[in-house]
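Q: Please take a close look at the charged and aromatic side-chain contacts in this structure. Which residues pair, and where do they sit?

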Amino acid sequence: MAETPLEIEIPYPTDGHRWVAQLPLFPNYPKACEVADVPNIPLPEIPRYVVKRADAQLVIDGRLDEGAWARAEWTQPFGSISTGAKDGPETQLALLWDDENLYGAYRVQDFDVRGTMARYHEHVYICDDDVELFVQGPDGYYEFGLNPINNIYELRWTWLDAVISSGDAAALDKLFRLRDSLYYAPRGGEKYGRIGDLGWALPGIQHAVQIDGTLNNPSSVDVGWTVEFALPWAGLAEIGLGTPQPGLEFRVQGYRAVHDRDDHEAAQLLQTQYPGATPFYGYTWSTMGNGNVHNPERWASLSLSGESV
């Protein structure tokens, strides 16, 4: 009698990613992942947001003291990435635009502000609280995250289905030759998945942080930190976004990683993979239904407005 193959179900971890292989040059990072799809459960309505135009030039210093930020529309506090529950420290996002940039600002409540990850393009959410922004275009999407010491990581994600269907062999060859890349296996309805360029940097990006508290001092009770950034449209054209003008529509997601530094047992397990890591929980603008933020169909729907602030 033939033996029945043993099937072992490996659940997705809390962030919705299951590692398939590792990146040889960076053994702490995966080379490939499977990612959880949007679950078939009732979820909150996807937010819609109108991005107003900045009337005056914004100084990217993290202070948020320009009148435009006071007049901008701020999101509701982020909720649990899985359920939408407002059970974490408050995080809010506002967006503005002009002919040169898409601007963003975060207000981050954080009673123990810590920042330790300082290497170039280090994935800061592994050890630090961070805020992130995802911007979708027709050809892929842009991801960046930033921690309280103003260090960022970036990725440009490209959908392989579109590249292969177009017959663009040169573009496909370029993606496969990337030295530092991350492959996400296809979800339901996809054939080829997507590739993230870990080395890509958005040309001209500006970003700044201001801390209200004492950095890396657990004995003090902090207020939090504020973030300000400018993403040039010229760089976002790399993901296929068109010329900025009233009526332009695209999707964006805001994300906050909140670390639990009291869960020492979980931290001990994580640190066998990445020294200094602690468990964290995700909070998002638009609820995803599970721990995976990389499902753009669940991101907030944006449109640029001609109204100035």
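A: Buried means under 20% relative accessible area, exposed means over 50%, and partly exposed lies in between. At 48% relative accessibility, Asp99 therefore counts as partly exposed. The model is predicted.

Start with the partner of Asp99. Its side chain meets that of Arg53 in a salt bridge, 3.1 Å from N to O. Asp99 lies in the loop between strand E5 (91-97) and strand E6 (101-109), and Arg53 lies in strand E3, so the pair ties together parts that are 46 residues apart in sequence. Arg53 is partly exposed too, because its relative accessibility is 22%. Arg53 has a further contact: it lies over the face of Trp97, at 4.7 Å from the ring centre. Another arginine is placed over a tryptophan. Arg107 lies over the face of Trp74, at 3.7 Å from the ring centre.

Now the other charged pairs. Side chains of opposite charge can pair when their charged atoms come close. The structure holds 11 salt bridges. One of them joins Glu307 and Lys52, at 3.8 Å from N to O. This pair links distant parts of the chain: Glu307 is in strand E16 (residues 300-308), Lys52 is in strand E3, and 255 residues separate them. Glu307 has a relative accessible area of 44%, so Glu307 is partly exposed.

A salt bridge also joins Asp180 and Arg179, with the closest N and O atoms 3.0 Å apart. Asp180 counts as buried because its relative accessibility is 11%. Arg179 counts as exposed, at 62%. Elsewhere, salt bridges link Asp37, Arg187, Glu190 and Glu297 in a network.

Turn to the rings. The structure holds 15 aromatic pairs. In one of them, the ring centres of Tyr141 and Trp157 are 5.7 Å apart and the planes make an angle of 15 degrees, so the pair is stacked. Tyr141 lies in strand E8 (residues 140-146) and Trp157 in strand E9 (residues 152-159), so the contact ties together parts that are 16 residues apart in sequence. Tyr141 has a relative accessible area of 0%, so Tyr141 is buried. Trp157 counts as buried as well, at 1% relative accessibility.

Tyr141 also pairs with Trp299. This pair is edge-to-face, with 5.2 Å from centre to centre and 85 degrees between the planes. Trp299 lies in the loop between strand E15 (280-284) and E16, while Tyr141 is in strand E8, so the pair ties together parts that are 158 residues apart in sequence. Trp299 is buried, because its relative accessibility is 0%. Separately, Phe78, Tyr106, Tyr142, Phe144, Trp200 and Phe229 form one aromatic cluster.

Two loop residues deserve a check of the backbone. Most residues other than glycine have a negative phi. Leu64 is not a glycine, yet its phi is positive, at about 60 degrees. Leu64 sits in the loop between strand E3 (48-53) and helix H1 (67-71). Leu64 counts as buried because its relative accessibility is 15%. Asn216 also has a positive phi, near 55 degrees. The loop that holds Asn216 runs between strand E12 (206-212) and strand E13 (224-232). Asn216 is at 38% relative accessibility, so Asn216 counts as partly exposed.

Terms used:
Residues are numbered from 1 along each chain as its sequence is written. This is a predicted model: local features need pLDDT of at least 70, side-chain atom pairs count only at pLDDT 80 or more; totals for chains, interfaces and linings use all residues. Side-chain values use heavy atoms; hydrogens and water are left out. Helices (H or I, at least four residues) and strands (E, at least two) are DSSP runs, numbered from the N terminus. Buried means under 20% relative accessible area, exposed over 50%, partly exposed in between (1.4 Å probe, protein chains only). A salt bridge is a side-chain nitrogen of Lys or Arg within 4 Å of a carboxyl oxygen of Asp or Glu. Rings of Phe, Tyr and Trp (its six-membered ring) pair if their centres lie within 6.5 Å; planes under 30 degrees apart count as stacked, over 60 as edge-to-face and the rest as tilted. A charge sits over a ring if NZ of Lys or CZ of Arg is within 6 Å of the ring centre and within 35 degrees of the ring normal.
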